[in-house]
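I hope they are handy while you have the structure open.

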Amino acid sequence: MSNGSFFPEPRRRGDTLAIVLVALIPTCFVGWLLWSSLGGPTDDGAGGTGGPTASSTSSPPPPPSGASAPSSPPAPSGAPGEPGKPLKGKVVVIDPGHNPNNRDHPSQIARLVDIGTDEKECDTTGTATNSGYAEASFTLDVARRARTLLEARGATVRFTQDGDRPYGPCVDERAEIGNKAHADAVVSVHADGAAAGERGFHVILPKSVRGGGADTSAITAPSRRLGERLRSRFAKATGSEPAQYIADGSGLDVRGDLGGLNLSTVPKVFIECGNMRDSQDAAELTDKTWRERAADGVAQGITDFLNE
């Protein structure tokens with residue numbers, strides 16, 4: 001302080017520094033905000049700095065150089081997403097066993113027809129549950145549900161009868177309908193009338209027979225494959241077990257006395273979906289939810305066979 005002549009210069013420098021700092025602080029703050037919003041380190045919630053936020057990982061990273069991007073797995077055959085593709089060009093004939101009107105035409109359905117190796121009645125009324133639910137009503141319901149599923153997959157589906165005839169058709173005509181359609185597969189839907197206490201389903205396959213107009217030698221092998229696919233899918237869809245009271249519990253019964261099989265020239269099987277005379281099976285057969293599962297098993301068994 002002895003030589004006061006030195007005080008003015010430091011004062012001017014301090015003023016200049018203050019002005020510079022006042023100008024820089026807002027600029028740095030704005031820059032920090034911009035840098036942070038563009039992906040600078042942020043708190044990960046665990047006391048440290050984390051990586052990308054959730055929104056930045058919503059899309060998968062690009063594949064490494066030379067690698068192809070992963071593709072979505074193809075939809076399985078018959079999947080709902082591809083209703084028009086799996087069975088396009090295939091012809092399926094579904095034969096709903098019996099006819100609800102057969103009971104009103106006893107003389108017509110009792111007449112004998114040639115089944116190749118013998119003669120048999122044109123048709124029968126079928127069986128029924130103890131409460132009066134007719135097999136013919138059951139078979140039509142399951143057949144119609146299966147038709148819906150198969151047509152959604154692109155198949156052409158034809159019926160031997162749709163409750164639109166006064167009776168029948170007779171067993172020989174049922175076979176002829178499938179033959180004339182050049183069907184890729186035919187399934188005749190039935191329910192059994194065994195003794196109470198006998199439960200389960202089974203599939204009937206054609207025996208190798210020759211005689212009269214019958215010659216199943218060309219269809220026994222493909223019919224067996226159709227039956228095996230049907231047995232597997234029906235069991236899976238419904239949770240039912242193969243019947244133990246027939247065919248040694250195998251679920252596959254071979255017969256040579258059915259005109260619908262003897263006279264067929266295309267792969268064909270019957271399925272007995274359960275025993276209408278057993279109270280436990282009857283409870284399922286009369287349940288529309290179970291019948292939808294049964295139809296799904298029939299449709300998927302046919303689909304598997306046609307996609308071999």
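**Notes on the fold**

1. Let me start with helix 8, which lies across strand 3, strand 7 and strand 12 and runs at about 150° to strand 7. Helices (H or I, at least four residues) and strands (E, at least two) are DSSP runs numbered from the N terminus. Contact means heavy atoms within 4.5 Å. Axes are lines fitted to C-alpha atoms, for helices over the stretch in contact, with angles from 0 to 180 degrees between N-to-C directions.

2. A word on the basis: this is a predicted model, where local features need pLDDT of at least 70, side-chain atom pairs count only at pLDDT 80 or more, and totals for chains, interfaces and linings use all residues. Residues are numbered from 1 along each chain as its sequence is written, and side-chain values use heavy atoms, with hydrogens and water left out.

3. Overall, the protein chain holds eight helices and 12 strands. Of its 308 residues, 39% are buried (under 20% relative accessible area, 1.4 Å probe, protein chains only; exposed is over 50%, partly exposed in between).

4. Six strands make up an open sheet with mixed pairing, in the order 6-3-7-12-8-11. Strand 6 (156-159) and strand 11 (252-255) are at the edges with a single partner strand each, so one side of each has no neighbour in the sheet. From one strand to the next, the twist averages 25°. Strands count as paired if DSSP finds at least two bridges between them.

5. Within that sheet, strand 3 (residues 91-96) and strand 7 (residues 185-192) are parallel partners over five bridges. D95 has S188 in strand 7 as its bridge partner. Helix 3 (residues 135-152) also packs on the sheet, touching strand 3, strand 6, strand 7 and strand 12 (268-275), and its direction makes about 165° with that of strand 3.

6. Which helix packs with helix 8 at about 145°? The partner is helix 5 (residues 220-238), with the axes 7 Å apart. Residues of helix 5 in this contact include L226, L230 and F234, and those of helix 8 include W290, V298 and I302. By class, the contact has 10 nonpolar, four polar and six charged residues.

7. A243 is buried, at a relative accessible area of 0%. Beyond residues up to four places away in sequence, A243 touches R199, G200, F201, H202 and G249. The C-alpha atoms of A243 and R199 are 5.7 Å apart, although 44 residues separate them along the chain.

Note on methods: Nonpolar A, V, L, I, M, F, W, Y, C, P; charged D, E, K, R; others polar.
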